[in-house]
Every structure is written in structure tokens, then in C-alpha cells.
Amino acid sequence: MVTAVRSNRVQRAQRRRYILIGGSVLLVVALLAVADWDRIQQNFFQSDIAREMFPQVITIAAKNTIIYTAAAFSFGLVLALVLALMKRSTIAPYRWFATAYIELFRALPALITILLVAFAVPLAFDVRIPGGTLGKGTLGLGIVAAAYMAETIRAGIEAVPRGQMEAARSLGMPKATAMRYIVLPQAIRIMIPPLTNELVLLIKDTSLLFIIGTTPVSKELTKFARDFMTSTQNATPLMVVAVIYVIITLPLTFLVRRLEKRAGRGR
């Protein structure tokens, strides 16, 4: 009886899935049938405009996007580790500061944070952020990324069985040493998938750096496409850049999926 009920439930779920897939396919076919393909091709897929973007879209825009991402991720990761350890500290002011930082910069839009770092801080404290667009972008994006990665790191550390730390301490190992050599190596395996996902998000967030101004040699992908689109009065540059974003991020998303599956099998 129970087996029959379970079988009927599975069959109903499969029928619903097939209905949803079939409806989605019909909707896509209907949209494709009524689309004005001549206008789409004229406005979004001009091969001559696409050719004009190369090789600068790769040698300048894509390269800068990767550089900004790598710099911001590295800075954010170091800051996130410090914040995660502060949030787990037995010293209350450390916990308060880390909590306030994380909640504040997760609540603020990334664009506001970048503007504050690039313009408000230099004006308020009469300082100059070194590195131009790279320095401002690294600091702005890294501050935001650190707020999210700190929670990922904290959760990864807390996922390691508490007995690991207790065993290390019982052997006379200082807490900091046990954290460095016992807990963190185990936590890294847990943290890698969500941190890789944060890297993917950071790649796309580099598009916000247009707000702080760029030179011809410091443009990232989105700014490069916007300027090219303005000069050509055509949306083809956006399509080219969209494809490049997919080429960059798709392998990372596949990597996240594989790591999550591997972690699931490990558990």
C-alpha cells in the first residue's frame, strides 16, 4: 500500500515536471516565432561592430576585469578571515566591531560603498588612495566582499567538530596554532564552494567600477561596452561582452557545482 502511494506520488511529480518543461518550450517557440529577427540582428548582432572591438575587448577590458576581481578578492579574503576570527573572539569589543562591520556592509549597496571609498573618504580625510582605479576598485569591492566572505569563513570554522580544537589544546597546542594548523585546513574544504561563488559574483560586480571613472587603459568589460555602444549607437557591444562574461564565469559555476557535490559525498 505504502509502495503504491509512493509510486503514484512520483508519477504525479514526473507529470508536473513534463508539463512545466513542455509549457516552457512552447512559450520559447512562440516568442521566437513572433520576434522581428531582422531588427534583432540589426541592433544586437552586427558582425562588423563586433570585429571592431577586438582585440581591445580582450587585451584591455577582459584583462582589467580579471585584475580588479583578483585584487578585490585577495584583499577581501584576508580582511574576511580577520573579521571571522574577531567575531569568534572571546573579547567582546572585537565581536561587536566585526558584527557591526558585517551587518553594515551587507546592508549597503555595493555601489554606495564604492562611491564612499572613491570620493567621500579622500575628501573627508584629505587622503589619496594609491593605485588609481585599481586601488579604489580593490578597496571598494574588497570591503563589500569581505562582509559576505567573513560569514562564510565563520560558518566553515564552526562546521569543524569542536573536538578537533579540544584535542589539540589537550596536547598543549596554543589556540592560535591549533586554529592555523588543525581547524582552518579542515574548514577550507567546506568554504571553497561558497567562496568560489563569491568570486563569480565579484566578477560581475566589477561592472560597478564605471562610477569612479576610468581611463582608456583601465576600462573593465561593462564600461568598455558602454563606451563602444555610445559611439556606434548599437547594442552589439553588450552582446559581445555578455558572451565574454559567460566564458569567464561559466567554468567557475561548474566548478562550484562539482565541489558542492564532492562535499556532499564526503559528508
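V25 counts as partly exposed in this predicted model, because its relative accessibility is 46%, a value between the 20% and 50% cut-offs that separate buried from exposed residues. V25 belongs to helix α1, which covers residues 2-34. Together with Y18, I21 and V29, V25 makes a nonpolar surface patch of about 410 Å².

Attention can now turn to how helices meet. Helix α7 (residues 132-159) and helix α9 (residues 175-205) have axes that come within 8 Å and cross at roughly 145 degrees. This crossing of α7 and α9 is right-handed. On the α7 side, the contact is made by L141, A145, Y148, M149, T152, I153, G156, I157 and A159. The residues of α9 that take part include M179, V183, L184, A187, I190 and M191, and also P194, L195, E198, L202 and D205.

Side chains of opposite charge can pair when their charged atoms come close. In the whole structure, a search finds 7 salt bridges. One of them is formed by the side chains of E151 and K87, at 3.1 Å from N to O. Since E151 sits in helix α7 and K87 in helix α4 (residues 56-87), this pair ties together parts that are 64 residues apart in sequence. E151 counts as buried because its relative accessibility is 14%, which is under the 20% limit.

A second pair lies within α7 itself. E158 forms a salt bridge with R154, and their closest N and O atoms are 2.9 Å apart. Both E158 and R154 belong to helix α7, where 4 residues, about one turn of the helix, separate them. With a relative accessibility of 44%, E158 counts as partly exposed.

Another salt bridge brings together the side chains of K219 and D227, with an N to O distance of 2.8 Å. The two partners fall into separate accessibility classes: K219 counts as buried at 18% relative accessibility, whereas D227 is partly exposed, with a relative accessible area of 25%. As for how salt bridges link up, those that share partners join K87, R88, E151, R154 and E158 into one network.

Most residues other than glycine have a negative phi, and most peptide bonds are trans. Between F54 and P55, however, the peptide bond is cis, with omega at about 5 degrees. P55 is found in the loop between α3 (47-52) and α4, and α4 is the helix that holds K87.

D126, which is not a glycine, has a phi near 50 degrees. Its place is in the loop between α6 (110-125) and α7. D126 counts as exposed because its relative accessibility is 71%. Q233 is likewise not a glycine, and its phi is positive at about 55 degrees. The loop that holds Q233 runs between α10 (221-232) and α11 (236-266). Q233 also counts as exposed, at 66% relative accessibility, which is over the 50% cut-off.

Terms used: Residues numbered from 1 in each chain as written. Predicted model: local features only at pLDDT ≥ 70, side-chain atom pairs only at ≥ 80, totals over all residues. Heavy atoms only, no water. Patch = residues over 30% accessible without salt bridge, like charges linked within 9 Å, V, L, I, M, F, W, Y side chains within 5 Å. Areas by Shrake-Rupley, 256 points an atom, 1.4 Å probe, with all protein chains shown as cover. Salt bridge = Lys/Arg side-chain N within 4 Å of Asp/Glu carboxyl O. Helix = DSSP H or I, 4+ residues; strand = E, 2+ residues; numbered from the N terminus. Buried < 20%, exposed > 50% of the residue type's maximum accessible area, 1.4 Å probe, protein only. Axes fitted to C-alpha atoms, helices over the stretch in contact; angles between N-to-C directions. Left-handed = near helix turned anticlockwise from the far one by under 90°. Contact = heavy atoms within 4.5 Å.
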